[in-house]
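Here are my notes for you to read alongside the model. Keep the viewer open and find each residue as you go.

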Amino acid sequence: VIHASIDEVMVTFFETTLLVVLVIFLFLQNWRAVIIPCITIPVSLIGTLAVMAAFGFSINTLTLFGLILAVAIVVDDAIVVVENASRLLETGQYSTREAVTKAMGEITGPIVGVVLVLLAVFIPTMMISGISGELYKQFALTIAAATFFSGFNSLTLTPALCALFLRPSSGKKFIFYRNFNKVYD
């Protein structure tokens, strides 16, 4: 029963990651933009696993559930950075480096704010006493660590990857994307 539960959690984890990649690709319509969150997700999750190991937590249903929720948290900040840099790059007014620098100037405060708010929610949850507190501690620490690493990556790794990978589009889009954009607009 435990192995089946963990297997289902892992399937959900991969489905969540795949869904995130598809949504980014559909809306940003740039395979280079998809690469960036695909790199930052594992980096944040590996950091989270390191924190879990440091606290002596095992891989169990609660920590895996926390990791699944953390995928959404981890990717949100990266998507905001990539989208804002892509938006500025598409104006044609900026080089890649200038677009990323301007984008980070616009969104650094909100990213830090979101990370601090999420930490303010989950860190006190780790301090609940009793048996339920022990269960919540694992869940809350998993999400708090993922949130911290996500914010850190969004302020350091993601902008660097944007400067390396993002390029202005050629202007001519695949017919599916033109129709999608027309319907979406």
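1. Let's begin with the aromatic rings. In this predicted model, the count of aromatic pairs comes to nine. Take Phe148 and Phe152: their ring centres are 6.3 Å apart and their planes meet at 15 degrees, so this pair is stacked. Planes under 30 degrees apart count as stacked, which is the cut-off behind that label. Both residues belong to helix H5 (residues 130-155), where they are four residues apart, about one turn of the helix.

2. Now the charged side chains. How many salt bridges does a search of the whole structure find? It finds two. In one of them, the side chains of Arg87 and Glu106 meet, with 2.9 Å from N to O. Arg87 lies in helix H3 and Glu106 in helix H4, so this pair ties together parts that are 19 residues apart in sequence.

3. Glu106 also forms a salt bridge with Lys102, and here the closest N and O atoms are 3.7 Å apart. This time both partners lie in helix H4, four residues apart, or about one turn of the helix. Because the salt bridges share partners within the 4 Å cut-off, Arg87, Lys102 and Glu106 are joined into one network. Each member is partly exposed: Arg87 has a relative accessible area of 40%, Glu106 has 36%, and Lys102 has 35%.

4. Next, look inside. The largest nonpolar core has 16 residues, and Ile36, Val81, Ala85, Cys162 and Leu166 touch the most other members. Two or more residues come from each of H2, helix H3 (61-90), helix H4 (96-125) and helix H6 (157-165). Which of these elements gives the most to this core? It is H4, with six residues.

5. Leaving aside its neighbours within four places in sequence, Cys162 is in contact with Ile36, Val81, Val82, Ala85, Thr96 and Val100. Apart from this core lies another one, of 15 residues, including Ile24, Ile41, Leu64 and Ala70.

6. Beyond its neighbours within four places in sequence, Thr40 is in contact with Val74, Ala78, Asn153, Leu157, Thr158 and Leu161. For a sense of distance, Thr40 and Ile131 are 91 residues apart in sequence and 34 Å apart in space, C-alpha to C-alpha.

7. Leu19, Val23, Phe27 and Tyr184 make a nonpolar surface patch of about 420 Å². Which element gives the largest share of the patch? Helix H1 (residues 2-28) does, with three residues. Leu19 lies in helix H1 and, at 53% relative accessibility, counts as exposed. The cut-off for exposed is over 50%, so Leu19 passes it.

Notes
Residues are numbered from 1 along each chain as its sequence is written. This is a predicted model: local features need pLDDT of at least 70, side-chain atom pairs count only at pLDDT 80 or more; totals for chains, interfaces and linings use all residues. Side-chain values use heavy atoms; hydrogens and water are left out. Patches are made of residues with over 30% relative accessible area and no salt bridge: like charges are joined within 9 Å, nonpolar side chains (Val, Leu, Ile, Met, Phe, Trp, Tyr) within 5 Å. Accessible areas come from the Shrake-Rupley method with a 1.4 Å probe; for residues, only the protein chains shown count as cover. Buried means under 20% relative accessible area, exposed over 50%, partly exposed in between (1.4 Å probe, protein chains only). Contact means heavy atoms within 4.5 Å. A nonpolar core is a set of buried Ala, Val, Leu, Ile, Met, Phe, Trp, Tyr and Cys residues joined through side-chain atoms within 4.5 Å. Rings of Phe, Tyr and Trp (its six-membered ring) pair if their centres lie within 6.5 Å; planes under 30 degrees apart count as stacked, over 60 as edge-to-face and the rest as tilted.
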